[in-house]
Amino acid sequence: MAIIGAAMASCTSNLKLNENNIDAIVEAMTLEEKAQLIIGVGMPGIPVDQPVIGASDAGKVPGAAGFTATIERLGIPAIALCDGPAGLRISPTREGDSQTYYCTHFPIGTLLASTWDTELVKKVGTAMGNEVLEYGGDVLLAPAVNIHRNPLCGRNFEYYSEDPVVTGKIAAAYIEGIQSNGVGTSIKHFAFNSQETNRMNNNALIDVRTMREIYLKGFEIAIKEAQPWTVMSSYNYINGTYTSESKDLLTGVLRDEWGFKGTVMTDWFGGANGADQVAAGNDMLQPGRQTQYNDIVKAVNEGTLSIDDVNTSVKRILTLIVKSPTFKAYQYSNKPDLKAHAQITRQSATEGMVLLENKGALPFGANVKNVAVFGNTAYSWIAGGTGSGDVNRAYTVNLIDGLKGAGYSVNDGLKESYLAWFEKEEQANAEINNERRQSFLPSLLPREMKIENSVLAKEAQAQDIALIVIGRLSGEGSDRNLAGDFELSKDETELIKNVTTAFHARGKKAVVVLNIGGVIETASWKNIPDAVLCAWQGGQEGGNSVADVLSGKANPSGKLTMTWPVKYYDHPSSKNFPLGKKAAMLNMKFDGQTRSDEKDVDYTQYEEGIWVGYRWFNTKNTKVSYPFGYGLSYTSFEYSNAAIKSEGNAIIVTVDVKNTGKVAGKEVVQLYVSAPKGAVEKPSSELKAFAKTETLEPGASTSVTLKVNASDLTSFVPAENAWVLDEGEYIFCVGASSRDIKAKLNAKLGSWKKQASMAFTAR
Ligand code: BGC
């Protein structure tokens, strides 16, 4: 179909886009050109039910997820939109070109958040954004900030936390870092995208208070603080309307209330009707479908879509384009400093690892020279999750090589058996894994190899300490399972037991290392080994980072940004989560016609409301395996001199933190607030601020300042459609975790109210 040819032929003009003539450009564009700019240029190789419009000149960054169209006669270049969020995702090789285009695989989002260190996250973002710039990209499709509503969401590894304040602050730092390079970000997936099962058509049913306080708050904080260039709407419906077609969400909340000035784009192929999307304020429909183009042109011609709405979206896209490196003709090198970035990922990963247990096993003492390593994942280290959040990295350092690099001798007597075992398992899983990979789903990992007790006894005699690595892989398009995923498999539990028994029999220790992207069950086995380190998935240098922590070269200073329950079913959201249901990508439909009535697949009732994560567990005093905010260190800290004062509309809490142990370390200080009773039921306390100290040498102390605005202490009261601060006594709790409170301070506050500017019904 000829879309813009006829119009272009008749318009000859010298008008070319610049920063000051956007209105004139919009005026000069034909409706067809506007529709083309709005929908992007399609994506080759993806099965769609309609042909996409191709624009062959947009391929300057092979492997980018999407482009805008080039409109040559008006000087409008195509800009490149690339995934994110663990680094830039582009094709590593190009036909007929011997150069490689690998990108650094940085730590997953969950690990970055577990650092609780906004400066560090900004530094990582700055390095990542430099790769976007130097490889010719314009916008990184990141950060991904959906809330960890349930531990089994397959994409939790990309997301930050069960808490919106951690989410918002970490996201703001990440955005600032990336955008400091003069490239854009796309905070995603806006919003309520808490499961992968039927993700393109799931209807999230959520009450207004929960939307505002839990699922929108993180976006609100990040967008107001860091002004991302773009926002990516999500696939799902919210209360019956696709988010990409919700004017309440994209115009009412995002723009009118929060003041967002940038461009909104859809998630890839998301939503149904192009005209409805534009009318809602969803400016760009990526990567673009023929039907969406037709919808827009037809609706304008028939008067059901106002040309003003189209012009507004086009203006926003042009405003984005003129800010882009492509428009500024930035001469990118295609040679970012990958070596320097490898150092950044190596170091940052150590700061987000969480030491869960330690009975004197870590760091390795001077007597540890020979290390016995067990578990598949030690040999096939997992850098990050799968899907668009994966990165085409040049290499992954596994744990064995990391340990060797740190000067340990490692028992690779088992290496051959492990490699042979992987081959056998891959053969057994070949059919299902082929299908899964084709559908962009994570492949099944090999089962854990059984090791004879006699072999273990020999190892225990020869080596100084044992490591047992447990790995998990998840990714876009499917949610996780309970058996053998959230829970350890029988083989894994046996491995932990048998290795520990063999080493204890020789008076030696055994340590479990978790190379995982999301929460697993730990309560039933965590007391067996002598230490448990949650290493998360730390990117391409993962094995080196873990070795740095095990050896004591780095002191782990991460803390959990989500609760680790005793049992999966302790999470109230487990009543309404698609456990074991069909994967989304296998059921990919673009027409919005697939909804039926299957619970948790076609619709998901967020029945638990605001009672997500620690808000539930702590209020109900439920036993957990590890609480929100928890994490050990190789040193210890003492809190003293906690004080509170008010400053204008803000409350300032200060506290001294002293390193009372024997090695240098950093501490994450958290501020929780308990609010007085009001019209709505409130959690026992909520996180309102946090800070991480600089490295404190033994004996050194520092003063930490935590600031909370009175408006941060409000609850959303649906009956008033307002954020309400109830009058009364507020208790400010300074903690090392949500269940390790070091000081409590009181403040009396008067009432205050901020009316929401619109009633959010998600229409
Ligand atoms: C994912 C997005 C991603 C986009 C482009 C979608 O399937 O949900 O997170 O940015 O694809 O690759």
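Which residues of H19 are buried? In this predicted model, the buried set consists of Glu 492, Leu 495, Ile 496, Val 499, Thr 500, Ala 502 and Phe 503. These residues lie on the same side of H19, because they cover an arc of only 165 degrees around the axis. The face turned away from that buried side carries the exposed residues Lys 490, Thr 501 and Ala 505. H19 runs over residues 490-505, and its 16 residues should span 22 Å at 1.5 Å a residue; the end C-alpha atoms are 22 Å apart, which agrees.

After H19 comes Gly 507, with a positive phi near 70 degrees.

Asp 464 sits in the loop that links H17 to E15. Its relative accessible area is 22%, so Asp 464 is partly exposed; the cut-off for buried is under 20%. Beyond the neighbours within four places in sequence, Asp 464 contacts Asn 367, Val 368, Lys 369, Asn 370 and Lys 508. The C-alpha atom of Asp 464 is 32 Å from that of Thr 110, and the two residues are 354 apart along the chain.

A helix pair was also examined. H5 (residues 118-134) and H6 (residues 164-179) have axes that come within 6 Å and cross at roughly 35 degrees. The crossing is right-handed. On H5, the contact is made by Thr 118, Val 121, Lys 122, Gly 125, Thr 126, Met 128 and Gly 129. H6 contributes Lys 169, Ile 170, Ala 173, Tyr 174, Glu 176, Gly 177 and Ile 178. By class, six of the contact residues are nonpolar, five are polar and three are charged.

Backbone geometry was considered next. Most residues other than glycine have a negative phi, and most peptide bonds are trans. Two tryptophans have a positive phi. For Trp 116, phi is near 55 degrees. Trp 116 lies in the loop between H4 (109-114) and H5, and is buried because its relative accessible area is 1%. For Trp 536, phi is about 50 degrees. This residue is in the loop between E17 (531-534) and H20 (542-551). Trp 536 has 0% relative accessibility and therefore counts as buried.

Cis peptide bonds were found as well. The bond from Ala 142 to Pro 143 is cis, with omega near 5 degrees. Pro 143 belongs to the loop between E5 (139-141) and H6. Phe 190 and Ala 191 are also joined by a cis bond, with omega about 5 degrees. Ala 191 is located in the loop between E6 (184-190) and E7 (203-205).

Definitions and conventions. Residues are numbered from 1 along each chain as its sequence is written. This is a predicted model: local features need pLDDT of at least 70, side-chain atom pairs count only at pLDDT 80 or more; totals for chains, interfaces and linings use all residues. Side-chain values use heavy atoms; hydrogens and water are left out. Axes are lines fitted to C-alpha atoms, for helices over the stretch in contact, and angles run from 0 to 180 degrees between N-to-C directions. Helices (H or I, at least four residues) and strands (E, at least two) are DSSP runs, numbered from the N terminus. A crossing is left-handed if the near helix is turned anticlockwise from the far one by less than a right angle, and right-handed if clockwise. Contact means heavy atoms within 4.5 Å. Ala, Val, Leu, Ile, Met, Phe, Trp, Tyr, Cys and Pro count as nonpolar, Asp, Glu, Lys and Arg as charged, and the others, Gly among them, as polar. The expected span of a helix is 1.5 Å times one less than its number of residues. Buried means under 20% relative accessible area, exposed over 50%, partly exposed in between (1.4 Å probe, protein chains only). The arc is that of the directions from the helix axis to the C-beta atoms.
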